There are 2 protein chains.
Amino acid sequence: MSVRQVRGGITTPRGFRVAATRAGLRSGPGPDLCLLVSDGGPVPAAATFTKNRLRAAPVEVSMRALRASRGRIGAVVANAGCANAGTGHQGLDDARAVQALVAKRIGVANRHVFTASTGLIGSRLGVDRIAGALPTLAPTTGRRADAEAARAIMTTDTVPKEAAVEVDLGGGRTARVAGMAKGSGMIHPQMGTMLAFLTTDAPVAPESLRDLLRATVDRTFNQVTVDGDPSTNDTVLVMASGAEGGAELAGASRGAFAEGLEAVCRSLAEQIAADGEGAQHRIDVSVIGARSEREARLVARTVASSSLVKTAVHGADPNWGRIAAAAGRSGARLDPDRLAVRIGSITVYDGAPVGFDERAASRALRGKVVGIGLDLRLGKGSAMAWGCDLSADYVAINSEYRT
Amino acid sequence: MSVRQVRGGITTPRGFRVAATRAGLRSGPGPDLCLLVSDGGPVPAAATFTKNRLRAAPVEVSMRALRASRGRIGAVVANAGCANAGTGHQGLDDARAVQALVAKRIGVANRHVFTASTGLIGSRLGVDRIAGALPTLAPTTGRRADAEAARAIMTTDTVPKEAAVEVDLGGGRTARVAGMAKGSGMIHPQMGTMLAFLTTDAPVAPESLRDLLRATVDRTFNQVTVDGDPSTNDTVLVMASGAEGGAELAGASRGAFAEGLEAVCRSLAEQIAADGEGAQHRIDVSVIGARSEREARLVARTVASSSLVKTAVHGADPNWGRIAAAAGRSGARLDPDRLAVRIGSITVYDGAPVGFDERAASRALRGKVVGIGLDLRLGKGSAMAWGCDLSADYVAINSEYRT
């Protein structure tokens, strides 16, 4: 294995510093503003954004920054408490004001500053509060700063989400990849209010970074589903400081880096699914034997997002009919006579109903992590998706979010 | 108006009789088997079926019957308690056995008998029980027989669903259109476990009936969403006895009939939404100003099926951001600067956030029927969708369905 998980966070890769504070953008305690900076000024960066047509102002501003800078970012400013979405031209002005404040503070052009926001849609961003808090931020490295930053982007998340790996690039070279994320509500394929920031000290060119990020996001973050509502603000950003040194990655070293990036994204995706609003179980859906990887992803995602599957898991009911029916409506090619369905390690359907130990299957559904497997026996496409059970707590959390 | 709602059910149109009984296909009291027959033998019929690839055996058998008979059906047998889905070749044999029993009882060829089932996926159909119950059925007309039949197809429905209209066809001719339906769980575009049977005494040719049914189902049943899980068994069937007499419908009389068919389907769709599992509110989403009717339908359906919109209604929270965000992710073209959103009669977003009376908007969300309106201001496409709020009761019902 060229990838090794390590304890760490956003500044584990060399060349980055981070700081967080409470700017007062939301009620309650804890930090709500964080600033991530690159030591060496603007570095190669790539991002993927929500497909929602109601894009938040910070998404618009960051998309333009990436284009104008040709993928070179020197700082990221992110806040919780306010999504700055549905705020019209005023919202764009506010996001640009924050971008300019950070650019001035760091000493880079505006186009090298990336912004992200999460929280309530439709309320105005507290630019003055951010302006007041920015000078107090002293970016640094280490576990404590990393964890504070991960906390500063939380909304209804119950735990901060971080991941870090070391990657053996070959030839005696080692690089690090790390990230932090927030998820919880509004999580779905096409990225529901999810922010993820990734760093690496490997030397990767912007175009290469973009290609690798897209492929990785399709297999990880876009396969996480909590409630089917992709948000206005979803953003995944990766920055590559190149501080590890050496030549730009190519061939086997690029492959090793891609593996590290996927490991970090997958860990964050799993943490997001496990912390879905009101969730008691993470649901890992594994699909093999589909006609293509795309169809495998579709089946996995549809099963993981089915309300009836989610409630069946919540009730520890090994109702394979709901799993098969969700697969059947996914749009992927499927033959009921070939399909096999597994709950944990127990086969519950195999081309036709089979006798199985219902109590053992029910026990498998009571675990912290519930595995559901489907073998379509039509081809070689495989994929994973991550979801969570649907509980009465989800309803309570979302019925009372604003009040 | 050429369409007038009347009290009535499946035998309000002339030429049909119905009967229901308890065959013991499920535990609990009440009828679970019904038989609808055409007095004059096979008559023109058309149907739409689930798009789920895991099609139940009765769906397969009925599709073949319609093809083999060139759209001429003489009897419908429907049961609750068992979906006969995911049952492989055995399931097909069982559905065919029931079809043959009914064909013999009525005196028509097998291909003129339509079958439908609803209930648990994966369990075997009790053919012997159906064989035992069939001879006791004496189809008749009238409110009592109609209501018993509507009850015989209920699963987790709390009330039977019926609708009937009289249609003025012009030239002194009057026809009737009526129907019964079941819905409740697993309801979604592409028809989630929903059965609907429609009758009319207007003279309509099979091809004409098929065209009219498809267009109507797209605007009504396919716009109902309870939990996003289309089922294995969804079926909408219409039969035209022609008992009203006269020439086959064309021109204005065909238009009047189409209006009557849509009125019946829309009423049944509304009843299904209002009776969604655990629902306390029906949500009517009305979209205007879309680039096309198809895009309007997409927006209406996406808003009505959003878990975050459903929980906001449940909590009486006028959170327009969730409505706008759902519209934004629907796939339809949308410009946030033009979009207007309304809750009840209160405008809550109009190209930008607007001040509004939050208490009045919250009151509008407490009604039995909650109206949500969106004006996209991009074109002339309009559509409706019907949904319901998401309550803790939904979770309870679906966590405990089997146990």
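How much area is buried between chain B and chain A, and what share of it do carbon and sulfur atoms give?

## The buried area

In this predicted model, the area buried between chain B and chain A comes to about 4300 Å². Carbon and sulfur atoms give 56% of that area.

## How the two chains are related

Let us turn to the symmetry. Chain B can be superposed on chain A by a rotation of 180° with 0.0 Å of shift along its axis, and the RMSD is 0.0 Å. The two copies are thus related as by a two-fold rotation axis.

## Who touches whom

On the chain B side, 51 residues are in contact with 51 residues of chain A. The copies meet through the same surface, because 100% of the interface residues of chain B are also interface residues in chain A.

What kinds of polar pairing turn up here? Between chain B and chain A the count of salt bridges is zero. Polar contacts do occur, however: six residue pairs are found across the interface of chain B and chain A, with both residues at pLDDT 80 or more.

Which elements of chain B give two or more residues to the side that touches chain A? They are helix H8 (307-314), helix H9 (320-328) and helix H11 (392-399). H9(B) gives the most, with six residues. By type, the residues on this side of chain B divide into 21 nonpolar, 19 polar and eleven charged.

## One chain on its own

Now for chain A by itself, which has eleven helices and 16 strands. Its radius of gyration is 21 Å, close to the 22 Å that the globule rule gives for 403 residues, so chain A is as compact as a globular protein of that length. Along its principal axes, the C-alpha trace of chain A spans about 70 × 55 × 35 Å.

## Salt bridges

Over all chains, a search of the whole structure finds 44 salt bridges, whereas the count between chain B and chain A is zero.

One to look at joins the side chains of A:Asp93 and A:Arg96, at 3.4 Å from N to O. Both residues belong to helix H2 (residues 88-106) of chain A; because they are three residues apart there, A:Asp93 and A:Arg96 are separated by about one helical turn.

Note on methods:
Residues are numbered from 1 along each chain as its sequence is written. Chains are lettered from A and ligands numbered from 1 in the order in which they are written. Side-chain values use heavy atoms; hydrogens and water are left out. Copies are superposed by least squares on the C-alpha atoms of residues with pLDDT of at least 70 in both. Contact means heavy atoms within 4.5 Å. Buried area is the accessible area (1.4 Å probe) that two parts lose on being put together, summed over both. A salt bridge is a side-chain nitrogen of Lys or Arg within 4 Å of a carboxyl oxygen of Asp or Glu. A polar contact is a pair of N or O atoms within 3.5 Å; within protein, one must be able to donate a hydrogen and the other to accept it, and residues adjacent in sequence count only if both atoms are side-chain atoms. Helices (H or I, at least four residues) and strands (E, at least two) are DSSP runs, numbered from the N terminus. Ala, Val, Leu, Ile, Met, Phe, Trp, Tyr, Cys and Pro count as nonpolar, Asp, Glu, Lys and Arg as charged, and the others, Gly among them, as polar. The radius of gyration is taken over C-alpha atoms; the globule rule is 2.2 Å times the number of residues to the power 0.38.
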